[in-house]
Amino acid sequence: MSQQAETTDIKKKILSTGIRVGTQVKTKFMRPFITKASPEGLYMLDLDITLEKIKTAAKFINRLGVENLIVCSGRQYAETPIEKFCDILGSKKLLGRFMPGTLTNPSLPYYIEPKLVLISDPQVDEQAITEATNAGIPVIGIANTDNITSNLDVIIPANNRGRKALATVYWLLVRQILIEKGDLKEDDPMKMEIDDFETKITEEEIE
């Protein structure tokens, strides 16, 4: 299968996940990634750019080593996607509140020295970005239309609020990293589907 046909297949697979649906706000940082506004007034992200940025991020992660990456998020819907991502690739995860000093204070018992940080939302994960920046560690971030991205080294423009959308971004990123490493061919199916990456809502949460 040609790369173009493969890209078309992937786009068909993910279009219904809401990955490109943004918010009613656009920042100057995210303007280059936006195509138009929907009839409901939501800014839409350019899916082709998103897929290209995922390729860029995958190359970056492979260059520095998946074992040297930490993936963090204070966003609940990102928990299962990150857990699956780290289980498959062997990266370290930091879920929930990012403890101050994690990347900057060597005297703390939980201090770590990664070579790369991946975050799910520049607003929610601001502490992680600030510390990584101060420590000189590059940051890859999933960013929505309303995010400020001035301290991100690689921006993956995508809906970072939706359960299905976040699952899709992490699924695509794992897939691309495995392709870049040579562990998966372009037209090979992934063992796990996007649904496997999705954070499930309990009945209590629905009520």
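Visitor: Which strands do the buried residues of H4 pack against?

Guide: They pack against strand S3 (69-73), strand S5 (116-119) and S6. Buried means under 20% relative accessible area, exposed over 50%, partly exposed in between (1.4 Å probe, protein chains only). Contact means heavy atoms within 4.5 Å.

Visitor: What kind of model is this, and how are residues numbered?

Guide: This is a predicted model, where local features need pLDDT of at least 70, side-chain atom pairs count only at pLDDT 80 or more, and totals for chains, interfaces and linings use all residues. Residues are numbered from 1 along each chain as its sequence is written, and side-chain values use heavy atoms, with hydrogens and water left out.

Visitor: Which residues of helix H4 are buried?

Guide: Helix H4 covers residues 126-135, and its buried residues are Ala128, Ile129, Glu131 and Ala132. Gly136 follows H4 and has a positive phi, near 75°.

Visitor: How many helices and strands are there in the chain?

Guide: Start with the rule. Helices (H or I, at least four residues) and strands (E, at least two) are DSSP runs, numbered from the N terminus. Here the chain has six helices and seven strands. From the N terminus on, the order is α-β-β-α-β-α-β-β-α-β-β-α-α.

Visitor: Why is the chain called as compact as a globular protein of that length?

Guide: The radius of gyration is taken over C-alpha atoms, and the globule rule is 2.2 Å times the number of residues to the power 0.38. The chain has a radius of gyration of 17 Å, close to the 17 Å that the rule gives for 207 residues, so it is as compact as a globular protein of that length. Along its principal axes, the C-alpha trace spans about 50 × 40 × 40 Å.

Visitor: What share of the residues count as buried?

Guide: Of the 207 residues, 47% count as buried. Now take contacts with a separation of 6 or more: residues 24 or more positions apart account for 60% of them.

Visitor: How many salt bridges does the structure hold?

Guide: A salt bridge is a side-chain nitrogen of Lys or Arg within 4 Å of a carboxyl oxygen of Asp or Glu. The structure holds nine. One of them joins Lys11 to Asp48, with the closest N and O atoms 2.7 Å apart. This pair links distant parts of the chain: Lys11 is in helix H1 (residues 3-14), Asp48 is in helix H2 (residues 47-64), and they are 37 residues apart.

Visitor: Where do Asp146 and Arg161 lie?

Guide: First, the bond: Asp146 forms a salt bridge with Arg161, and the closest N and O atoms are 2.8 Å apart. Asp146 lies in the loop between strand S6 (139-143) and strand S7 (154-157), and Arg161 in the loop between S7 and helix H5 (163-181), so the pair ties together parts that are 15 residues apart in sequence. Arg75, Asp121, Asp146 and Arg161 are linked in a network of salt bridges.

Visitor: Which residue forms a salt bridge with Glu198?

Guide: Lys164 does, with the closest N and O atoms 3.1 Å apart. Glu198 is in the loop between H5 and helix H6 (203-206), Lys164 is in helix H5, and they are 34 residues apart. Glu198 counts as buried, at 10% relative accessibility. Lys164 is partly exposed, with a relative accessible area of 29%.
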